[in-house]
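Subject: A structure to look through

Dear colleague,

I am passing on a structure that I would like you to open and read alongside these notes. Please keep it in view as you go through them.

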Amino acid sequence: MNNFYKLLFMCFTVFHLSSCKATSRGDNFVTFETGQVNPIAISDDGKNIFALNTPNSSLEIFSVTSSGLSLSESIDVGMEPTSIAVLSNKQVWVVNHLSDSVSIIDISEKPAKIIRTLLVGDEPRDIVFAGNNNRYAFITAAHRGQNGRDDRPIDAKLTEPGIGRADVWVFDTMNLGETIGGDPVDVINLFGDTPRSLTVSPDGKSVFASIFLSGNQTTSLGVEYFAKHGPTTSIDGTPQPDTGLIVQFDGNQWVDENGNAADQNGTNYGSRVLFSLPDYDVFRIDIENGKKPKLSGTPYSGVGTVLLNMITNPRNGALYVTNLEALNVNRFEGPGTMASSVRGHFTENHISVIKNNSVSPRHLNKHIDYTQFPGTKTERDSAISYPTDMAITSDGKTLYVAGFGSSNIAVINTQELENNSFQPSPEKYIRLSGGGPSGIALDETNNRLYVLTRFDNSVSVIDTKSKNEVSRVAMYNPEPDSVIEGRPFLYDSIATSSRGDSSCALCHVYGDFDGLAWDLGDPDAPMKLNPNGYVDEKVTPPYTPYFHPLKGPMTTQSMRGLKGNGPMHWRGDRTGAQAKEGESIEFAALKEFNAAFTGLVGRENQLSETDIDKLSRFGLEITYPPNPIRALDNSLTPMQQAGLDVYNNDITTGVPQPVHACNQCHVLDPVNNKFGTGALSVLAGPDITQEFKVPHLRNLYQKIGRFGNSGRFFTDGIDYGEQIKGFGFLHDGTLDTLDKFLKSPNFHFETDLKRDQVVDFILAIDSELAPVVGQQITLTKHSDTKVHERIDLLRSRAQIVTPREECDLVVKGVIDGQQRSYLMHADGSYQSDKIQEVLNDSELRKLVSKHNQTLTFTCVPPGSGIWMGIDHDEDGIYDGDEKTLGTDPLTPDAYLVEQLLTANQ
């Protein structure tokens with residue numbers, strides 16, 4: 001750098017630094033806790049490893065060296081990337097979960113660059129290539145979202161039965177189409193609840209797609225449908241309130257936990273279930289030359305409850321599916337002796353083998369004696385928990401399985417897996433220095449296994465002969481320390497259970513939910529005083545509310561969006577009432593879950609005060625994604641707007657007379673972090689036998705998929721046939737539609753139309769982040785007006801400041817052979833990663849007029865634009881200037897900052 005430029009740069013930088021507010025790594029990071037699917041891959045020639053840095057929204061390319069891995073380059077992609085697939089030695093494709101997109105990256109030259117962004121349905125997760133010469137790309141996505149075919153939102157038909165909630169998008173890799181987000185050959189709808197993983201048959205002619213939360217043929221019956229099951233009192237003699245019951249279809253009939261098909265009065269459970277659950281888990285899509293890929297055969301069922309990943313055996317074509325099998329038909333937690341059927345054994349870790357059209361689940365921890373508590377060290381050392389990604393040798397004989405919760409790699413003989421003769425043993429496992437292995441890439445030629453470990457955001461290199469870790473390289477991690485330190489306590493089964501196979505994450509899957517209901521009452525416990533606040537004053541005569549320990553079925557709630565929402569659980573029985581000075585109610589309420597480690601997860605003792613604090617801080621960071629039902633410009637349809645007006649203004653709720661508008665209980669105040677709840681409770685009404693905290697409404701669109709009521713309030717008596725879910729709305733999941741709930745005696749709408757309007761609105765209710773967050777598009781020399789219109793949309797949303805900011809707009813690309821980045825100012829101009837360079841909108845777009853130059857525009861969470869855009873380490877010195885100065889853009893340069901400020905003085 002010449003002296004004049006250096007002096008000019010220092011003047012700009014000093015002025016900028018003197019007006020900056022200091023930040024620390026992670027201060028502006030938003031935690032989504034996205035689950036990776038296939039986050040690591042190896043190039044065809046074995047010279048490069050591609051690894052997804054999910055928190056950093058980037059693809060890292062490593063060169064393979066004799067001593068390990070060396071970072072070659074890092075390419076910014078979309079937000080929360082989950083899967084990568086190598087198309088050729090020139091292209092890799094990355095699936096971006098939060099951005100609802102696929103980044104197509106040209107790796108033939110340095111620096112690598114995004115050459116196109118495909119737009120797909122909501123929250124895509126996985127990608128594979130199949131067909132002759134990898135002709136087709138297959139991508140899984142939820143059946144909803146703003147990016148449908150022909151640049152139109154997807155009509156998810158959330159109030160209609162018989163709609164599959166899972167899609168597989170199929171693109172022709174040789175002809176992506178001319179429309180803004182690409183022209184899919186087809187979007188194949190699957191009759192399931194959200195798809196996840198994909199794999200390809202050995203001959204490349206079939207693709208298999210799995211359903212993520214596929215269920216296990218369980219459902220809830222309402223309180224009026226059967227006689228009470230014992231025990232019917234708490235340990236202090238208080239009668240059990242009326243609660244529902246979970247039943248399971250055993251292949252012939254609906255049965256309870258004891259295998260009975262009827263209650264004590266002889267009432268048959270099956271007569272009360274007005275639908276069937278085929279439990280479609282894995283679908284096959286066939287590829288024929290000259291024809292569109294299409295679904296083939298009957299989907300496989302009985303594979304598992306939560307399906308995590310799949311792989312095919314290259315020799316015999318067997319399909320292996322890692323999964324969690326929930327035992328939620330069983331009841332009760334707690335360390336007592338009266339009843340504790342699920343303590344430390346509520347979910348099993350399986351690999352299911354699909355071969356010759358037969359499904360054979362294999363319990364990975366069959367060595368554990370669940371009749372004895374606590375578990376032994378030998379059981380812990382031999383355990384595999386939360387099995388995720390897999391790799392298999394070319395001869396089909398050896399399978400490597402990542403134990404995300406047990407932080408190990410199981411090495412399994414596939415013949416022993418198929419005939420169920422394998423024996424869990426620590427001698428067969430590879431221990432990792434980093435926790436949470438989520439991805440595996442196998443290099444047989446060099447006897448190497450590459451493992452992405454999510455807890456420490458690193459890549460480990462394993463010698464497959466010695467089964468030892470020989471090196472490890474850490475990727476940059478922008479997460480705050482509270483997230484990094486607290487994450488393991490959600491997943492780590494070795495640290496949080498006595499047998500090494502259980503953790504909170506087996507139900508709170510990736511910090512969310514499993515789509516099931518559980519009866520986790522504790523008959524050994526007494527009544528507990530309820531100190532929570534109420535929407536209404538207590539009734540007279542004076543009334544003292546309690547929590548009954550026999551609470552009945554409750555659907556799993558998400559760990560997302562807990563901050564500012566008060567007591568936790570459906571009843572608010574994690575009250576936070578013992579919050580210390582300086583602690584929030586939510587932080588104290590999360591700490592009360594410590595009891596679940598002994599009563600449910602199966603740990604000998606509760607976590608230490610330090611460790612439960614770490615888990616609680618982490619839990620409060622997890623955020624809901626944008627609502628995919630709402631329009632990208634944050635507008636409401638006329639129906640939704642009318643619903644909002646009724647929600648805010650009409651007095652519709654109360655017994656016997658309406659006294660409240662919806663918004664008085666389900667408080668909607670996004671500016672103050674209220675998304676459907678004011679964190680208060682309500683007194684029990686005529687149809688509810690317990691008192692509940694008013695629940696939030698952000699994730700109702702995720703609960704669609706069960707039609708046919710088996711609960712209270714209203715039933716039309718219609719058998720709705722096949723459904724994809726056994727649980728719907730309300731605490732016990734017995735209500736199938738919101739419309740029926742709003743027809744209950746608790747609500748009073750002037751017209752049916754107004755009720756329907758409210759349903760439309762709350763399915764599109766606000767979330768913490770605006771719908772545009774994560775959305776992106778790539779601009780090239782050949783982009784049409786639709787691409788420019790999408791950029792205009794992103795720009796307009798980034799300029800919204802009231803009632804709350806919607807997003808920051810960052811731009812990334814390769815300009816004149818260099819990676820460059822830009823952040824849009826409120827006035828519409830762009831600050832580049834070099835402090836002296838500011839461009840207007842026209843100047844920025846003209847940068848792509850040169851051959852092979854591209855720019856990708858992405859809306860990121862408000863406040864994230866600096867670190868995601870132009871100053872990664874947030875030290876006040878922009879990335880481009882750091883490169884010029886020869887310093888590291890990923891490492892805060894406190895010394896340089898001090899020197900510049902001192903020079904200014």
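How far apart are the mean positions of the positive and negative charges of the chain? They lie 3 Å apart, for 78 positive and 114 negative charges. Please keep in mind throughout that this is a predicted model.

Turning to the chain as a whole, its C-alpha trace spans about 90 × 65 × 55 Å along the principal axes, and it contains 18 helices and 45 strands. A compact globule of 905 residues would have a radius of gyration near 29 Å, and the chain, with 27 Å, agrees with that. Of the 905 residues, 62% are buried, while the chain exposes about 33,700 Å², of which carbon and sulfur atoms supply 49%. Among contacts with a separation of 6 or more, 62% are between residues 24 or more positions apart.

Two places deserve a careful look. In helix 9, which covers residues 609-619, the buried residues are Ile612, Asp613, Leu615, Ser616, Phe618 and Gly619, and what covers them includes helix 4 (481-486), helix 5 (488-491), helix 7 (585-591) and helix 8 (594-601).

The other place is Thr453, which lies in strand 29 (residues 448-453). Because its relative accessible area is 0%, Thr453 counts as buried. Its side chain makes a polar contact with the side chain of Asp456, at 2.6 Å. Leaving aside neighbours within four places in sequence, Thr453 is in contact with several residues, including Leu432, Pro437, Ser458 and Ser460.

Terms used: Residues are numbered from 1 along each chain as its sequence is written. This is a predicted model: local features need pLDDT of at least 70, side-chain atom pairs count only at pLDDT 80 or more; totals for chains, interfaces and linings use all residues. Side-chain values use heavy atoms; hydrogens and water are left out. Buried means under 20% relative accessible area, exposed over 50%, partly exposed in between (1.4 Å probe, protein chains only). Helices (H or I, at least four residues) and strands (E, at least two) are DSSP runs, numbered from the N terminus. Contact means heavy atoms within 4.5 Å. The radius of gyration is taken over C-alpha atoms; the globule rule is 2.2 Å times the number of residues to the power 0.38. Accessible areas come from the Shrake-Rupley method with a 1.4 Å probe; for residues, only the protein chains shown count as cover. Lys and Arg count as positive and Asp and Glu as negative; His and the chain ends are not counted. The place of a charge is taken as NZ of Lys, CZ of Arg, CG of Asp or CD of Glu. A polar contact is a pair of N or O atoms within 3.5 Å; within protein, one must be able to donate a hydrogen and the other to accept it, and residues adjacent in sequence count only if both atoms are side-chain atoms.
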